[in-house]
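Work through the exercises below with the structure open. Try each task before reading its solution.

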Amino acid sequence: MKTLQELTRPNIWNLKPYSSARSEYKGVTASVFLDANENPYNMPNNRYPDPMQWEVKIAISRIKKVAPEHIFLGNGSDEAIDLVYRAFCEPGRDNVVAIDPTYGMYQVCADVNNVAYRKVLLDEDFQFSADRLLEAADEQTKLIFLCSPNNPTGNDLNRAEIVKLLTAFSGLVIVDEAYNDFSEMPSLLADLDKYPNLIVFQTFSKAWGCAAIRLGMAFASTEIIGILSKIKYPYNINLLTQKQAMEMLRKYYEIERWVKTLKTEREELMKKFSKLSCTVKVFPSDANFFLARVTDAVAIYNYLVGEGIIVRNRNSISLCGNCLRVTVGTRMENDKLIEALQQYNKQV
């Protein structure tokens, strides 16, 4: 790969980061805080939170088996997505390559940052070819985005092709593992030391049941984490989010139970969905959702909205014509969906 300095925008490489009041005395025990112009009343919410979230990172480190220095925490994974553009892609000059279809924020952030976004279509099995992505890249390609399990298709990407890409590409490869907890495929976190150009995204929004607290995780080399930390907003993770994250990290056993239950429900729901007369095909899934091709996605989506049931209409997405993306809910929610679709079938 290119050196990190070659990949980083020169102004970012030379940037002197903002030094927050809470980062200047690290390692010192203090009890009187008169440095940050805070109100001394209304503890603990009157104080700025730890700008580097070390307590949370240490707790995550124990579960993920990754050193805290290799962890970046963002306001959702979307912050980390945006930051890699801002750190490594020169607006109007550099470009990124991504599989298609995939998570829409990769392109949104590219457009916001004025970075060309090159799509490479998946095959009929929703798999990608490393060679085709590399063919789409050129000297100005800084990043390649993968999502595994992929959204909206639900499937794990071929691991051998991911490794091939990591080995051959001179830039950074981002693998978004937002749904990895629901897959049998091991995370790429164990390979961070092997591939210095690898960035792995994970999130508290899915398996952890914490979409509301907006906490995303990025794992990479200490050098890459250092660059992301240099350009983030000083207090990007608020105290309430950090406290809720710590509470969830202390009961990881419950997250494991949720994941096991949702995987069982996924198989049951997919089986029932495939038997509906309005279903053309249910695609295999390694996530907490599945993609299904139906007879008329727009009509069925609108019907379900009328019944107070919301799924995602992916009809306009590449390779997803007449497809709905269905998240696995509780047994009661899943049964309500199936009952509603059975009623729909009687009406058409």
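The model is a predicted one.

**Exercise 1. Classify how α4 packs against α8.**

Solution. 
Step 1. Locate the helices. Helix α4 spans residues 77–88, and helix α8 spans residues 222–231.
Step 2. Take the geometry. Their axes come within 10 Å and cross at roughly 95 degrees.
Step 3. Apply the cut-off. Angles of 65 to 115 degrees count as roughly perpendicular. Therefore α4 and α8 are roughly perpendicular to each other.
Step 4. List the contact. From α4 come Leu83, Val84, Arg86, Ala87 and Phe88. From α8 come Ile224, Ile227, Leu228 and Ile231.
Step 5. Sort by class. The contact of α4 with α8 has 8 nonpolar residues, no polar ones and 1 charged.

**Exercise 2. Describe how α10 packs against α9 and against α12.**

Solution. 
Step 1. Start with α9. The axes of α9 and helix α10 (residues 252–274) cross at roughly 75 degrees and come within 5 Å. That angle makes α9 roughly perpendicular to α10.
Step 2. Name the residues. Met248, Leu249 and Arg250 of α9 make the contact with Tyr252, Tyr253, Ile255 and Trp258 of α10. By class, the contact of α9 with α10 divides into 6 nonpolar, no polar and 1 charged.
Step 3. Move to α12. Helix α12 covers residues 331–347. The axes of α10 and α12 lie 11 Å apart, at an angle of about 5 degrees. Angles under 35 degrees count as roughly parallel. So α10 and α12 are roughly parallel to each other.
Step 4. Name these residues too. On the α10 side are Glu265, Glu268, Leu269, Lys272 and Phe273. They meet Arg331, Asn334, Asp335, Leu337, Ile338 and Leu341 of α12. The contact of α10 with α12 holds 5 nonpolar, 1 polar and 5 charged residues.

**Exercise 3. Which residues of α3 are buried, and what covers them?**

Solution. 
Step 1. Find the helix. α3 runs over residues 54–64.
Step 2. Pick the buried residues. They are Val56, Lys57, Ala59, Ile60, Ser61 and Lys64.
Step 3. Look at the cover. It includes the strands β1 (71–74), β6 (198–203) and β7 (216–219), along with α9 (239–250).
Step 4. Check what follows the helix. Lys65 comes after α3, and its phi is positive, near 60 degrees.

**Exercise 4. How many cavities of 30 Å³ or more are there, and which residues line the largest cavity?**

Solution. 
Step 1. Count. There is 1 cavity of 30 Å³ or more.
Step 2. Size the space. The largest cavity holds about 60 Å³.
Step 3. List the lining. It consists of Ser148, Asp156, Leu157, Arg159, Ile162, Val175, Glu177, Asn180, Met185, Pro186 and Leu188.
Step 4. Sort the lining. It has 6 nonpolar, 2 polar and 3 charged residues.

**Exercise 5. Is Pro101 buried or exposed, and what does Pro101 contact?**

Solution. 
Step 1. Pro101 sits in the loop between β2 (95–100) and α5 (105–112).
Step 2. Read the accessibility. Pro101 has 0% relative accessibility, so Pro101 counts as buried.
Step 3. Leave aside neighbours within four places in sequence. Pro101 then contacts Leu122, Asn150, Asn151, Pro152, Thr153, Ile317, Ser318, Leu319 and Cys320.
Step 4. Compare chain and space. Pro101 and Asn150 are 49 residues apart along the chain, with 8.5 Å between their C-alpha atoms.

Conventions
Residues are numbered from 1 along each chain as its sequence is written. This is a predicted model: local features need pLDDT of at least 70, side-chain atom pairs count only at pLDDT 80 or more; totals for chains, interfaces and linings use all residues. Side-chain values use heavy atoms; hydrogens and water are left out. Buried means under 20% relative accessible area, exposed over 50%, partly exposed in between (1.4 Å probe, protein chains only). Helices (H or I, at least four residues) and strands (E, at least two) are DSSP runs, numbered from the N terminus. Contact means heavy atoms within 4.5 Å. Axes are lines fitted to C-alpha atoms, for helices over the stretch in contact, and angles run from 0 to 180 degrees between N-to-C directions. Angles under 35 degrees count as roughly parallel, over 145 as roughly antiparallel, 65 to 115 as roughly perpendicular and the rest as oblique. Ala, Val, Leu, Ile, Met, Phe, Trp, Tyr, Cys and Pro count as nonpolar, Asp, Glu, Lys and Arg as charged, and the others, Gly among them, as polar. On a 1 Å grid over the protein atoms alone, a cavity is a set of points where a 1.4 Å probe fits but cannot get out, and a pocket is an open set with protein on both sides within 12 Å along at least five of seven lines; lining residues have an atom within 4 Å of a point. Grid points are joined across faces, edges and corners, and a volume is the space filled by probe spheres set on the points.
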